[in-house]
Amino acid sequence: MTSLEARYRRLLACYPHDHRTRHEEDMIGVLLAGSRPGQTRPHLADTADLLAGAVRMHCRRAFGTVSAPAWRDAVAVGMALWPLLILTDTLARQIMFLAPSIGVGLLHHWTQEPGSILFWARPVIVFALPVLAVALRRRGVAALGALAFLLYADTSLLTRPLALPNVALPLLAQVVAVAVAFTGPARRGASLIPWRTVMLWTPFGLVGLAASKLGGGLLGHEIALWKPVPWLIIMAAAAGYAARSVLGRRASLLLFLPVAALGDLGKLPSLPTPLALAQIGCVLGAFAMGTMLRDSKNPRKAGGGRRTHTPGCPR
Amino acid sequence: MRSMQEPTFLILTALAAGPQHGYGLITDVEQISEGRVRLRAGTLYAAFERLQEEGLIAEDREEIVDGRVRRYYRLTDDGATRLAAEAERMRHHARAASTRLRAAGLGGMA
């Protein structure tokens, strides 16, 4: 292999795997046929053209018409997961509500007044119903969830200042969770979700969300600045884990912002630059760890559907 | 129908003469365009993929030359129809431009 061919091959390594498998030799032939005698390096214009071609092909696979079914599936998966995310958020909120009084006194209180357990668990039950409806694909359970939500919301809705975004947006997120349980796409999405994997990640999510909801008064100022980070790290690691598959990376992209907003992001936007960079570094590191975790666990499937010979397959 | 970009038009025109492989097509396009358009490999193979997706061209056959695969592409019936429509559209526009320039005595047209 000449040095020119080796350099062309390095440039072609930027192309999608399926394209390389099918066209690399053909393209090398074309590139070498067009080279000057004694040429050892690709011409700058050829380099730019090959890189631009690689970007175009990646974009076509990610966003072109060929990827439309994968995006539809990702939306369905996002819809199916949303009720579970709201349930996790609710559970985290309720745990943090209970945290200051956890102890023997609380057990005694619950033994004396069992009704207070129900009072505490009420929102958890309300948001568990849409999860069940999606997982079991039962409209009846979705209807029960909607009824439970209306009864639950009825007592608090009127007292909430709905014009405030920090009140209206969580409420909207809850309404969406209840509503999607009725939809066909959410039920279809449920069949595409690897539930075992999701259940393994959920406790970590719960811990991260609970950490992000810690009262600022309980923490020193310096620590409080880091409180959203565990949630972001867990989310990034889960996204990295999912990002190795065609469907997972699309679902991660769609869910990233709304799911990040479930945590209390507090003062993240106004952090000092070094601290912000350190936190971004943690999140990126977690994303990379997530992808490696998936690779080490399942090296044969690490390509997540990439190693196919179908021309223009979605990425 | 969206008008065709010049490289696409030239690729389809080159293939209208018969199946061609990548490098043959680059030289043919250069010839058709009288040296104005020189396709590069990155552009050409991105166009091949898009045109195949649109059903305008298809893979014809493969040959092994110097130990490398050389793949030939051909124009499909849809591609021929689309090329004919585009050529007609361009002919119509060119005729209109020529007529108006001639009427106004501009452009040094015969």
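A salt bridge is taken here as a side-chain nitrogen of Lys or Arg within 4 Å of a carboxyl oxygen of Asp or Glu. The model is a predicted one, in which local features need pLDDT of at least 70 and side-chain atom pairs count only at pLDDT 80 or more, while totals for chains, interfaces and linings use all residues. Residues are numbered from 1 along each chain as its sequence is written, chains are lettered from A and ligands numbered from 1 in the order in which they are written, and side-chain values use heavy atoms, with hydrogens and water left out.

**Stop 1: salt bridges between the chains**

Select A:E5 and B:R68, which form a salt bridge with their closest N and O atoms 3.2 Å apart. This pair crosses between chains, from helix α1 (residues 3-12) of chain A to strand β3 of chain B; helices (H or I, at least four residues) and strands (E, at least two) are DSSP runs, numbered from the N terminus.

For burial, the cut-offs are under 20% relative accessible area for buried, over 50% for exposed, and partly exposed in between (1.4 Å probe, protein chains only). B:R68 counts as buried at 18% relative accessibility, and A:E5 is buried as well, whereas A:E25 is partly exposed at 30%.

Next, select B:E49 and A:R60, whose side chains meet in a salt bridge of 3.8 Å, N to O. B:E49 lies in helix α3 (residues 41-53) of chain B and A:R60 in helix α3 (residues 44-63) of chain A, so this pair joins two chains; B:E49 is buried, with a relative accessible area of 7%. Salt bridges that share partners join A:E5, A:R9, A:R20, A:E24, A:E25 and B:R68 into one network, and the structure holds 24 salt bridges over all chains.

**Stop 2: the sheet of chain B**

Now show the strands of chain B, where an open sheet of three strands has the order β1-β3-β2 with antiparallel pairing; two strands pair if DSSP finds at least two bridges between them. β1 (20-21) and β2 (57-65) stand at the edges, each with a single partner strand, so one side of each is left without a neighbour in the sheet. Strand β3 (residues 68-75) pairs with β2 over eight bridges, and the bridge partners to pick out include B:Y72 for B:R61 and B:R71 for B:E62. The two strands form a hairpin with two residues between them, and B:D66 in the turn has a positive phi of about 50 degrees.

**Stop 3: the nonpolar cores**

A nonpolar core is a set of buried Ala, Val, Leu, Ile, Met, Phe, Trp, Tyr and Cys residues joined through side-chain atoms within 4.5 Å. Select A:L81, A:W82, A:F127 and A:F149, which have the most contacts inside the largest such core, one of 50 residues. Helix α4 (residues 68-98) of chain A gives the largest share of this core, 11 residues. With contact meaning heavy atoms within 4.5 Å, A:L81 is in contact with A:I193, A:V198 and A:L255, leaving aside its neighbours within four places in sequence. Apart from this core lies another, of 36 residues, among them A:Y8, A:Y15, A:M57 and B:A41.
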